[in-house]
Amino acid sequence: MSTGTWVLFDLDGTLTQSEEGIWNCARYALGKMGYAEPDAATLRKFIGPPLVWSFQELIGMSEEQAIRAQGIYRERYNTLGLLENRVYPGIRYALRCLKKAGMHLGVVTGKPENATRRILEHFGLIGFFEQIVCATDNKADKEQMIRKALPEGVTDAWMVGDRKYDMEGGRQAGIHTLGVTYGYGSEEELTESGAEKLARSPREIAEVLCPGTEGVSGAFLSMEGLDGSGKGTQLERLQDTLERYGYELVMTREPGGTPISEKIRGILLDRENVGMTDETEVLLYAAARAQLVREVIRPAVRDGKVVLCDRFVDSSAAYQGGGRQLGIERIMEINRPAVDGTMPDLTVYLDIDHRKSLERRMAVSEPDRMEMEADSFHARVEEGYHKLIAMDPGRFAVVNAEGDRDGIAAEIAEKVLARLRMLEMED
């Protein structure tokens, strides 16, 4: 194991925002044992210290009662609670920057090892860490755990955490300490317990520990589908998932996404503009796209964020190239200067028969100018998408959009997260 610079992270309140699961499980255990539900201030103190200590010191249980309460707590936690959790936005960026700077990362937490590993695996974080040290036998001596986590001969190491236990443990172990104020401890608690430096956001961790290191790139995702394919619903579901996994998300749409592009969108979808020529339509879409690429997509990806776009150039290729019969290749050529090489890292396509999708769409609202087209138009659009997928199958994740919403959302999440993790590991 290497002896370069090591950075050890606490879990709850530092890597993940875990209060939802912890508080639900604490309430569950106390209710099962006949105790009244504690107030919010008391519940907040459950985050950080070992459970047995919390039940004894915060609730007034005997050691025997506290051990029993811990067992009841874990009944729920091990099945539900550990995934009632969120990775802090910016943590993934910080971890990637630290790894890029050549640092070695570990986790030191008062949680049991099984739960810790399940959380890190579920949220796709485990690959960042070379060492994971957890509490054993209801004991979580941070100093000893830190010493256990570090290889012999390490001379430069940091403990990063949100509570005094992390700062005190780091200081006692003879390493540097970085307190994070976005977690569950206060700035006063962290400084009084020995924090050498503070980070007020996950991104600041990288700024403090590896200043000057070039940042890492984000990713560009798009979602495509016929009108009525359920795209709006699935975009919302995917947004929630990605934010829960700690991705810093930028949501946008086509046409639109910038003040200029939104004005163009109004022209394109206005039902009064029935005299618009096909060529005008194509060029307006490309103009809106050119602005979006340069004003939103590229800057966000350069900043390490994930852009999720409702439609992109594939829509033009399918609707104007296929539906308007202008030719897919011609549409892509017209859009070449607009996108200028900026293409999605992954495009989710919701696959559904055009008749079913149009029935769904008409059932919920009045059709816009594009949706008023004949059935043959929408059939050509569907065929256009299938041609695009055949031309570039590696970029598309095709999902059957005729199933139930939960199943569709789960399949989309699995495919998108797999691609994002692959991109992260390429740093």
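Tutor: Helices (H or I, at least four residues) and strands (E, at least two) are DSSP runs, numbered from the N terminus. This is a predicted model, so local features need pLDDT of at least 70 and side-chain atom pairs count only at pLDDT 80 or more, while totals for chains, interfaces and linings use all residues. Residues are numbered from 1 along each chain as its sequence is written, and side-chain values use heavy atoms, with hydrogens and water left out.

Let's take the sheet with β9 to β13. Its 5 strands form an open sheet with parallel pairing (two strands pair if DSSP finds at least two bridges between them), and the order across it is β10-β11-β9-β12-β13. At the edges you'll find β10 (249-253) and β13 (396-400), each of which pairs on one side only. From one strand to the next, the twist averages 20° (axes are lines fitted to C-alpha atoms, for helices over the stretch in contact, and angles run from 0 to 180 degrees between N-to-C directions).

Strand β12 (residues 346-351) runs parallel to β13, and 5 bridges join the two. If you want a landmark there, look for T347, which stands opposite F396 in β13.

Now for the helices. α11 (residues 231-244) packs on the sheet and touches β9 (219-225), β10, β11 (306-310) and β12 (contact means heavy atoms within 4.5 Å). The direction of α11 makes about 155° with that of β9. Then there's α18 (residues 375-391), lying across β9, β12 and β13 and running at about 140° to β12.

Next, the loops. The peptide bond joining E254 and P255 is cis, with omega about -15°.

D340 sits in the loop between α16 (336-339) and β12, and its phi is near 50°, a positive value in a residue other than glycine. The relative accessibility of D340 is 46%, so D340 counts as partly exposed (buried means under 20% relative accessible area, exposed over 50%, partly exposed in between, with a 1.4 Å probe and protein chains only). Q325 is another non-glycine residue with a positive phi, about 65°. You'll find Q325 in the loop between α14 (313-323) and α15 (328-334), and at 58% relative accessibility Q325 counts as exposed.

For context, have a quick look at the sheet that holds β1. That one is open with parallel pairing too, and its 6 strands come in the order β5-β4-β1-β6-β7-β8. β5 (131-134) and β8 (197-199) stand at the edges with a single partner strand each, so one side of each is left without a neighbour in the sheet. Here the twist averages 25° from one strand to the next. Strands β1 (residues 6-9) and β6 (residues 157-161) run parallel, joined by 4 bridges, and W6 stands opposite A157 in β6. Helix α10 (residues 202-209) lies across β1, β6, β7 (176-180) and β8, at about 145° to β8.
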